[in-house]
Amino acid sequence: MNKTCSQFASARFIFVLLALAAWPLAHTRASEPSSIAASLQPFVDSHSLAGAVTLVASSNKILAVDCVGYSDVAAKKAMKPDAIFWIASQSKSMTAAAFMMLVDEGKVSVDDPVEKYLPEFKGQMLIAEQNGEKTVLKKPAHPILIREVLSHTSGLPFKSRVEEPTLDALPLREAVMSYALSPLQFEPGTKYQYANAGINTAARIIEVVEGMPYEEFMQQRLFKPLGMKDTTFWPTEKQVQRIAKSYKPNQARTDLEEINIAQLHYPLSDRAARFPMPAGGLFSTAQDVAKFCQMILNGGELGGKRYLSEKAVKMMTSEQTGPLVKASYGFGWAVGAELIGHGGAESTNMEINRKHGLILIFMVQHAGFPNDGEKSRDAFKQAAISQFAR
């Protein structure tokens, strides 16, 4: 059985982690058994889960960090707490938070039409009828609004036809231009359709309003101040060595098969061929994601610094999809009565449990699971809530 982070943590490791963290750590004895690791180890033993880093936090403390399994199964490389993961669509929540900073500053309104800032969207048409080779277009009832691109109700497609072969192949300006040239798939505000295009469009508005590249805004206003030192679109060569390998089920769905991330161009550190993808391009660690979630749980504040107003956080994390739409989504967050959160394409997940005041971070790299591996996140959640719910 692999040791958990708490089991092999030495005094030196704890000192280093304290020096790096932006909040106090909960004291855990090295000999104390971890119910979280124990809940996940059977999935590793059955080859249903390669490995995982899990983190449980309150609004101001790390309560538990656990590791099971391997970041590289073939090499038997044990998973470590500083492993880096492609967090994919969890990037949406971070991009939305950055956008809401501009709302707080009065520079934009979520009720503004997108075309106010991106004139290429003026005159965008809607598909009225599509039958075989025939497509009939008409004007939509209203131009798409910023609130609609942030809540997946704009009618934009998931991606455009030119975002091939990977999602990071185009500069943001060109990608967003391709969305403006694509007809809307339904009347804005009437349906929910998950769309990278919407979040990417919001990020392009950040560039236009601030006069700086989106990725620089993210670094200056969010990642650096929060101490998210390993959150990036371009992992360095050293960071690449810490990225957990990606896996999918083999053909028989009984074991793991190592894969590359199909949506991204390699090498991952290549800034010439890879471009920042606001809707799903970020890499991060459990600790970095926890800092971001703590800021949200604290109503926009962390470590004495305010990043967002409480009003902006409430708007982001409340249902914004409207009475006509069944899906419950805010701005960059899936929302429920007691929970908010977001997952990623390779099964990473962050959840803020407002009822219990807990943050649950689940970091894995799986494009699907063999056997019963899909049950591993629920096993983590149950163990974490059982141990830490107040």
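Tutor: Let us begin with methionine 79, which counts as buried because its relative accessibility is 3%. Here buried means under 20% relative accessible area, exposed means over 50%, and partly exposed lies in between (1.4 Å probe, protein chains only). This is a predicted model, in which local features need pLDDT of at least 70 and side-chain atom pairs count only at pLDDT 80 or more, while totals for chains, interfaces and linings use all residues. Residues are numbered from 1 along each chain as its sequence is written, and side-chain values use heavy atoms, with hydrogens and water left out.

Methionine 79 sits in the loop between strand 3 (77-78) and strand 4 (85-88). Helices (H or I, at least four residues) and strands (E, at least two) are DSSP runs numbered from the N terminus. Beyond its neighbours within four places in sequence, methionine 79 is in contact (heavy atoms within 4.5 Å) with Gly51, Ala52, Val53, Cys67, Val68, Gly69, Tyr70, Ser71, Phe85 and Ala244. From C-alpha to C-alpha, methionine 79 is 9.4 Å from aspartate 66, although 13 residues separate the two in sequence.

The buried residues of helix 3 are Ile36, Ala37, Ser39, Leu40, Gln41, Phe43 and Val44. An α-helix has 3.6 residues a turn, so residues three or four places apart point the same way. At the start of helix 3, a side-chain oxygen of serine 34 comes to within 3.4 Å of the backbone nitrogen of isoleucine 36. Histidine 47 follows helix 3 and has a positive phi, near 60°.

Helix 12 (residues 376-388) contains phenylalanine 388. Not counting residues up to four places away in sequence, phenylalanine 388 touches Ile36, Val56, Leu63, Ala64 and Leu358. Phenylalanine 388 and tyrosine 194, by contrast, lie 33 Å apart in space, C-alpha to C-alpha, and 194 residues apart in sequence.

We turn next to the nonpolar cores, each a set of buried Ala, Val, Leu, Ile, Met, Phe, Trp, Tyr and Cys residues joined through side-chain atoms within 4.5 Å. The largest such core has 82 residues, of which Met94, Phe292, Ile296, Leu308, Trp333 and Ile361 touch the most other members. Helix 4 (residues 91-104) supplies the largest share of this core, with nine residues. A separate core of 20 residues lies apart from it, and its members include Leu63, Ala64, Leu358 and Phe380. Within the contacts of isoleucine 296, neighbours up to four places away being set aside, are Leu308, Val313, Met316, Thr317, Trp333, Ile340 and Ile352.

Rings of Phe, Tyr and Trp (its six-membered ring) pair if their centres lie within 6.5 Å; planes under 30 degrees apart count as stacked, over 60 as edge-to-face and the rest as tilted. By this rule there are six aromatic pairs. In one of them, tyrosine 192 and tyrosine 329 have ring centres 5.8 Å apart and planes at 50°, so the pair is tilted. This pair links distant parts of the chain, 137 residues apart: tyrosine 192 is in the loop between helix 6 (172-180) and helix 7 (196-210), and tyrosine 329 is in the loop between helix 11 (310-316) and strand 12 (334-335). Tyrosine 192 is partly exposed, with a relative accessible area of 30%, whereas tyrosine 329 is buried, at 3%. The rings of phenylalanine 292 and tryptophan 333 have centres 5.9 Å apart and planes at 10°, so they are stacked. Phenylalanine 292 belongs to helix 10 (residues 286-297) and tryptophan 333 to the loop between helix 11 and strand 12, so the pair ties together parts 41 residues apart in sequence. Phenylalanine 292 is buried, with a relative accessible area of 0%, and tryptophan 333 is buried with a value of 0%. Elsewhere, ring pairs join Tyr214, Phe233 and Trp234 into a cluster.

Finally, consider cysteine 293, which is buried at 0% relative accessibility. Its sulfur is 18 Å from the closest cysteine sulfur, that of cysteine 67, which is too far for a bond. With a disulfide defined as a pair of cysteine sulfur atoms within 2.5 Å, the model has zero disulfides.

How values were computed. A polar contact is a pair of N or O atoms within 3.5 Å; within protein, one must be able to donate a hydrogen and the other to accept it, and residues adjacent in sequence count only if both atoms are side-chain atoms.
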